[in-house]
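Work through the exercises below with the model open. Try each task before reading its solution.

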Amino acid sequence: MSGSEVVIVGGGVTGLSAGWWLARSGVKVTVLDKFIVGWEASGRNGGGASHYASPLFDEEQRLWPQMDELLGYPTEHQKGRILIAMTERQWEQYRFIAERHKRLNHPVELLDVKQVQEAVPLAGDNCFGGVHYKFGGHANPQRSVQAYAWALQDLGGKIIQHSPVTGFETAGGKVTAVKTANATYGCDSVVVAAGPQIPQLMAQLGVNVPLAAARAEMIITEPAPMMPLGGVDGHKIYGRQTMRGNLAYGGGPHEWLDMDATGPAARPSTPLARNLAKRLAELLPKAAHLNVIRSWAGVIENSPDGRPIIDRLTSPDNVVVASMSSVGFGLSPASGHAIRDLVMDGKCSFADIDILKLSRFDNLESDWREKRGWMPIT
Amino acid sequence: MELNFTGTDICAINGTRSAPEAHYNTVVVGAGPSGVAAAIDAANAGLRVLLVDENPVSGALMGNDVPLYFGGRMTAATQNTERMLEAIFMSMPALETAMDAGVELLLGTTAWGVYRNGPGVASLPEQVVGLADAERSWIVGFDNIILATGGRDLSMAFPGWNQPGVMGAAALQMLLTRYEAFAGRRVLVIGSHDLALETALLAKKRGIDVVGLVEVRAAPQGRSELITKVEAAGIALYCGQTIASAKGGINGVESATLSSGAEIACDTICVAIGLIPSIELVDAMHGERALNAQRGGYIPKGEATVSAVGDCAGLTDTGFDHIAYRMEWMRALSSVSADDTIICQCEEVTRADLIGVQPPNYLTRPAPMCARSLETLLDDGPANPDQIKRLTRAGMGVCQGRRCRDQVAMLLAIEADKPFGTIPLASHRAPVRPLPLKILAEWDEPAALDAAWDVWFGIPTQWVPVEDLNTPYQDEHREMLYTGMYK
């Protein structure tokens, strides 16, 4: 289908990666975004790239070390992660996870306190030990999103910002065009990767996509001296040391929100920054003197089972829907590949992703959000 | 995996936050003349009033130009907190009046964030302000908050500005008057509007050698009586010129070179081009604000429970267009300085890298990266400072963009050939002052919050390896990692 048009709704990391993969295959791609690329969750997350629970994991691991070269722009990808236990219970849990990795042939090593401190000098001797993942890693979300966008443009793809999608034109069981307030974009295929706005958009096509949006928060400190291993998780927080040295961390309770067709009205952070600061000061006690210089929040969507939805619909049959269900950034090199395969070949070439089909929710009860307590506070 | 839902998500924030430590009818942030007056008025009206002021800030923060652009020109006296506190009380007799009126006064206490329910958040127990002193942070609730946070110095980049001795007018005034802790002897003032003239006269009065004022326009800009006083004081006026560079040594500035080529010996260059209303708290709380060129920049619009007084509400409108004046300075300074002039001191971003939208030096710049620039980015849409800062890191440092955010916006406007007002205001984020992790931390957080804490959403099916689905391992996984959830 080289030379035909694919319109991608949503310039987040998933849509941009899909567009880049399609452009690499010679497809003419247009990405439409309501504001600026990567402005929502894609540019606001912890940058982790170690999603061993996903069928896309192997492809994620294969691709990240090559991404700077493939894209032509820096992503700040760094390899490896460590999980540091701060309580007896966490140490038990993390060793359980390590055992799982061993069984799945993911290279991991248990570290004692001294070894933890060698890898992570900001750690204290108050920890119980660590699990070193010799796989996975992290990258700079904002830089990576822009790298996808630029790489896509370098291959002839178009990015139209400040253009919220308002609807679709359909004919003969296919979407024939995507509409914004100012223009109509004819297309052979559509990828809907619009994050929390997916349900409202897909409802226009008569397709129910069960997703719920929530707000989560992060903090960042001033730079610390660079540590041998910067991908440090544990103590129920996640994050990384940036290549500049800052410690960027998130985790903790989320707040479920109403879904708005036009996207989040605001992304306010809250005093939860204090609780993130507490845990980070406990995880890395030698960093406790570092200044926190920003906090922020992002709005992310989850599917009912927390797993992504990547599916090519049967009707209309030229639409691929993609929600990464709050684990999108790290998996983006692989999710884009999978979406490219679904658009062009109807089938993922490198993994069995049937578990990510939308049809798994066909019999979902209508009150699934209420049942889970995933409701906005009233 | 059979999941039995309970209708409650135990990992959601709902109801787990700590209650504020106290509740006040009115919290006033900033104990300058306007803030103290507002606090006294509120107390006299029978309200419970808390008045906080971040000063004296620690020597370390002053070294990072927080909250004002001190340029490293404070004496060792500023390290002595007791002396600093005394200096504040001595310089502000109204503080005693406020306390007599029943105002609760906390000095050395920073208001680092204001939070309220609204779009995107409904979980706060009430509207609160985050406070911190040298020991800890805490939150208090309020009915009304009055922001009296004053103005902060506009800094301007020129070769050599990133060394001790280049400072702002508000910082110099504070060191001269309140603290009597200015470490310089010979000052060159940049600018000639009221702020510059008043600062020059104040310095002169305090026995400082004021070696001149530099004005980019053809004639001095401020009120004529101030100009007359400056001339009468024998202070030189260098009009139609800009500063081209500053030279210095281990102790910072030693001389300034003007665009005319004249070299002027001085140990301090006081940038007095303008004050910016300090609206960090308003912006970080998503409060309404609007650009007002005659009042110094973005100012709060004012809301039912959030108001502003003093310079924070906008400089006195004298009809002078501060934005046009600053833009003229920025154009002039840019025209006489090399592209490798540092714009963001914290992250060492040059003007060339800012306009080139290039990444920091610790990253490689392959050919496609080098081909990118603000010009190519503008093809995608209007310039947005938040996007630029993420790519270049300008404004991402420990001074929280105090020294460069306004310059970045001006440079973007100039490069994009758009009016300054079309460039969005770069986001301010809490904490609006740098706060150590150990101070910001809520050490005595509620047990309910800890119980709700998960590293991510706490969805049991989210992290089970795909290989383990529908095997006994998935239940083991759930048992080990998701105790108590969805059972």
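**Exercise 1.** State how many residues of chain A are in contact with chain B, and describe that side of chain A.

Step 1. In this predicted model, 75 residues of chain A are in contact with 70 residues of chain B. Contact means that C-beta atoms, placed from the backbone, lie within 7 Å.

Step 2. Local features need pLDDT of at least 70 and side-chain atom pairs count only at pLDDT 80 or more, while totals for chains, interfaces and linings use all residues. Residues are numbered from 1 along each chain as written, with chains lettered from A and ligands numbered from 1 in written order.

Step 3. Elements of chain A that each supply at least two residues to this side include α4 (88-103), α8 (272-283) and β16 (291-302). Helices (H or I, at least four residues) and strands (E, at least two) are DSSP runs, numbered from the N terminus.

**Exercise 2.** Find the strand of chain B that is joined to β16(A).

Step 1. The strand is β22 of chain B, residues 435-436. Two bridges join the strands, which run antiparallel; pairing takes at least two DSSP bridges.

Step 2. N291(A) has P436(B) as its bridge partner.

**Exercise 3.** Trace the open sheet of five strands in chain B.

Step 1. The order is β8-β15-β9-β10-β11, with parallel pairing.

Step 2. β8 (166-168) and β11 (237-239) of chain B are the edges; each has a single partner strand, so one side of each lacks a neighbour in the sheet.

Step 3. β8(B) pairs with β15(B) (residues 268-271) over three bridges. Here M167(B) is the bridge partner of C270(B).

Methods. Two residues are in contact if their C-beta atoms, placed from the backbone, lie within 7 Å.
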